[in-house]
Amino acid sequence: MQNIWYNDKFLLDFLSASELENYNPSVAHAEKLLKDRSGPGNDFLGWLDLPKKTGKDLIKSINDKAQEIRSKADVLICVGIGGSYLGAKAAIEFTSPGFEDLRKPRVIFAGHTINSDYLSDLLELVKDKEVAVNVISKSGTTTEPAIAFRVIRQWMEQRYGKKGAAERIVATTDPAKGALRKLAKEEGYTTYEIPDDVGGRFSVLTPVGLFPIAVAGLDIAKLIEGASQAYDFCSGDSIETNVAGRYAAVRNILFRKGYTTEVMATFQPQLHFINEWWKQLAGESEGKDGTGIFPAGLDYTTDLHSLGQWLQEGVRNVFETFMILKKTSKTMTVPKFDDDSDDLNYLASRSFEDINEKAFQGTMLAHLDGGVPSATLMLADRSETTLGQLFYFFEKAVALSGYILRVNPFDQPGVEAYKKNMFALLGKAGFEKQAAALSSRTKDISI
């Protein structure tokens, strides 16, 4: 069953049917590179068949441990950065009640910033609560989560003792090596593996995402089932049958016409962190070698009262994909007042969803008239099945799009640049030469 639909029929004023058809060979070639594992970055294609290969034993193991954590913890602190937290955060926000106080247990994220106030406030928040921790890092040495985990580990050991803390800490890390794997073995943490052939931004359907998602109470079996369904309708050589391939082709055609930024626009707050996850997936996969579509996300109707002006009349280098939720979990209607003092009785008895739909339609038509190429991505509901389809659709589409752009979608050499500079400036061993070269340049760059 297909729960997501991509519709590009409103783009006919910006690209022709023949232009799209001409991209069939490019999509077929990119598909072959993935299938044959013969393209750049082919050693990081473990995500490709993951929905079909994730076994019931792994799902049961994760669910059992998640249930144990749920039974004894009010809060799970999930420590990670980038792909190690964005997927789980997106999934929880998409499917769960809108306010954290309604979620039991709460999943709180740390290690994605370097900020004393944030971490201090987090520890203050949980001081009277039962706490468990999931630390996620392939190496265990990524600076942001590593230093956050040091603080949290110390707090846990002071509160529960070393043995008690170890029983409440779950490490998701490399199968065999790395600082976190070594620590987990020494301390006796429960561990889950990050597959060697899956990069961070493609890892949401591995234990990286599955464990915190399960702790939050989501059905991870349905999430995997949805991804498996998307595997079927996101495969093939033709844009007529391969939904992900069609989206990838549209993106590349528009990019080559000068539309260098894609805005993913949503009309539901539950989709905000889906956007944040997608921005990392697309930006880190495509932005290299002097090329790449810049991914941006906007929350409508909120941002229509700010950036909506820019979208309507700003530089015409933007195309827009509206990610729309067809069915919300609940429905509210506008009440009727006899005095009609606010002149809103014309909306009485109409649902918020009906009003929101008209806002979407009005916005899309206005932006089309303003010269913004626009398409839609429709989601059936807020279920785990739909979410699994969406995760896999985006992963496949970005991989195909990257190959069409002729970049390696699975590396991130640019990310290493800031890390090397930071290590040098912090005095890490082995970076002495670089530190000397940077020292004179930092005197006017200080906080």
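Author: Cys 78 has a relative accessibility of 0% and therefore counts as buried (under 20% relative accessible area; over 50% is exposed, and partly exposed lies in between, with a 1.4 Å probe and protein chains only). The model is predicted, so local features need pLDDT of at least 70 and side-chain atom pairs count only at pLDDT 80 or more, while totals for chains, interfaces and linings use all residues. Residues are numbered from 1 along each chain as its sequence is written, and side-chain values use heavy atoms, with hydrogens and water left out.

Cys 234 is also buried, with a relative accessible area of 0%. The structure holds zero disulfides, a disulfide being a pair of cysteine sulfur atoms within 2.5 Å.

Next comes Gly 87. Gly 87 sits in helix α5, residues 86-95; helices are DSSP runs of H or I with at least four residues, strands are E runs of at least two, and both are numbered from the N terminus. Gly 87 has a relative accessible area of 1%, so it is buried. Apart from neighbours within four places in sequence, Gly 87 is in contact with Val 204, Ile 213, Trp 277 and Phe 391, where contact means heavy atoms within 4.5 Å. From Gly 87 to Gly 200 there are 113 residues in sequence and 9.7 Å in space, C-alpha to C-alpha.

Helix α9 (residues 207-215) packs against helix α10 (residues 220-233) at about 135°, and their axes are 10 Å apart. Axes are lines fitted to C-alpha atoms, for helices over the stretch in contact, and angles run from 0 to 180 degrees between N-to-C directions. The two helices, α9 and α10, are therefore oblique to each other: angles under 35 degrees count as roughly parallel, over 145 as roughly antiparallel, 65 to 115 as roughly perpendicular, and the rest as oblique. On the α9 side, Leu 210, Ile 213 and Ala 214 meet Ile 220, Leu 223 and Ile 224 of α10. The residues of this contact are six nonpolar, no polar and no charged. Nonpolar covers Ala, Val, Leu, Ile, Met, Phe, Trp, Tyr, Cys and Pro; charged covers Asp, Glu, Lys and Arg; the others, Gly among them, are polar.

A further pair is α2 (residues 24-36) with α15 (residues 384-404), at about 110° with axes 9 Å apart. Helices α2 and α15 are therefore roughly perpendicular to each other.
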